[in-house]
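Please look over the sequence and the model shown here before reading on.

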Amino acid sequence: MMRRTLTLALLCAALVALALAGCGERKSALGPNQPPETTVYVSGPVQTVNHRVHLYWFGSDPDGDVVAYHMRFVPTLVDYDPPWETVWCAQPGRCTDSVFTVLTRDSSLIHSRFEIRAVDDDGAVDPSPAVQSFSLSNQPALVLL
């Protein structure tokens with residue numbers, strides 16, 4: 001009987017020790033929020049094209065979801081830092097491409113850079129935006145008689 005009481009007491013002490021050990025400060029297994037990563041590409045060869053470009057992009061977040069993108073067109077031959085435009089995703093991962101029409105005005109050749117960066121569900125922004133550079137032509141139409 002004494003042995004059974006001692007075993008029961010040791011078992012209770014072990015359960016109490018386990019319960020108290022679990023009452024410590026909660027720690028995150030993942031650590032701090034990780035920023036997302038962004039990729040951009042053009043389907044087909046990148047060449048001097050007309051004023052319409054179909055760009056595709058993809059964002060991934062190791063510890064959450066990509067919920068928006070910041071994007072902008074930056075002319076490469078002038079000193080200009082345009083603001084970022086935000087595109088919100090209706091569903092995570094569902095806003096990954098668009099067709100853009102870029103005004104070329106009366107220039108025969110425009111050099112531009114498209115920049116895009118993913119935004120995750122904790123507000124972290126990709127610190128290294130994905131970039132696609134290209135030239136756009138504004139060549140007059142060839143009319144044959």
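Arginine 117 lies over the face of tryptophan 84, at 3.8 Å from the ring centre; a charge is taken to sit over a ring if NZ of Lys or CZ of Arg is within 6 Å of the ring centre and within 35 degrees of the ring normal. The model is a predicted one, in which local features need pLDDT of at least 70 and side-chain atom pairs count only at pLDDT 80 or more, while totals for chains, interfaces and linings use all residues. Residues are numbered from 1 along each chain as its sequence is written, and side-chain values use heavy atoms, with hydrogens and water left out.

The protein chain has one helix and seven strands, where helices (H or I, at least four residues) and strands (E, at least two) are DSSP runs numbered from the N terminus. Along the sequence these elements follow the pattern α-β-β-β-β-β-β-β. Four of the strands form an open sheet in the order β4-β3-β6-β7, with antiparallel pairing; two strands are said to pair if DSSP finds at least two bridges between them. The strands β4 (85-88) and β7 (130-137) stand at the edges, each with a single partner strand, so one side of each is left without a neighbour in the sheet. Neighbouring strands of this sheet are turned by 25° against each other on average, direction ignored, with axes being lines fitted to C-alpha atoms (for helices over the stretch in contact) and angles running from 0 to 180 degrees between N-to-C directions.

β3 and β4 pair in the antiparallel sense over four bridges, and methionine 71 has glutamate 85 in β4 as its bridge partner. Methionine 71 also stands opposite isoleucine 116 in β6, and nine bridges join β3 to β6, which run antiparallel. Eight bridges then connect β6 with β7, again in the antiparallel sense, and there glutamate 115 stands opposite valine 131 in β7.

How many of the 12 residues of β6 are buried? Nine of them are, so β6 is largely enclosed by the rest of the structure; here buried means under 20% relative accessible area, exposed over 50%, and partly exposed in between, with a 1.4 Å probe and protein chains only.

A search of the whole structure finds four aromatic pairs; rings of Phe, Tyr and Trp (its six-membered ring) pair if their centres lie within 6.5 Å, and planes under 30 degrees apart count as stacked, over 60 as edge-to-face and the rest as tilted. Tryptophan 57 and phenylalanine 114 form a tilted pair, 5.9 Å centre to centre with 35° between the planes. Since tryptophan 57 lies in strand β2 (residues 52-60) and phenylalanine 114 in strand β6 (residues 109-120), the pair ties together parts that are 57 residues apart in sequence. Both tryptophan 57 and phenylalanine 114 are buried. Phenylalanine 114 also forms a tilted pair with phenylalanine 73, at 5.1 Å centre to centre and with 55° between the planes. Phenylalanine 73 lies in strand β3 (residues 66-75) and phenylalanine 114 in β6, so this pair ties together parts that are 41 residues apart in sequence. Phenylalanine 73 is partly exposed, with a relative accessible area of 24%, whereas phenylalanine 114 counts as buried at 0% relative accessibility.

Ring pairs link Trp57, Tyr69, Phe73 and Phe114 into a cluster. Tyrosine 69 has its place in strand β3 and is buried, with a relative accessible area of 2%. Tyrosine 69 and valine 125 are 56 residues apart in sequence, and their C-alpha atoms are 8.6 Å apart in space.

Serine 108 lies in the loop between β5 (97-101) and β6, and is partly exposed, with a relative accessible area of 46%. The C-alpha atoms of serine 108 and leucine 136, 28 residues apart along the chain, are separated by 8.2 Å.

For the protein chain as a whole, 27% of the 145 residues count as buried. Among contacts (heavy atoms within 4.5 Å) between residues at least 6 apart in sequence, 69% join residues at least 24 apart.
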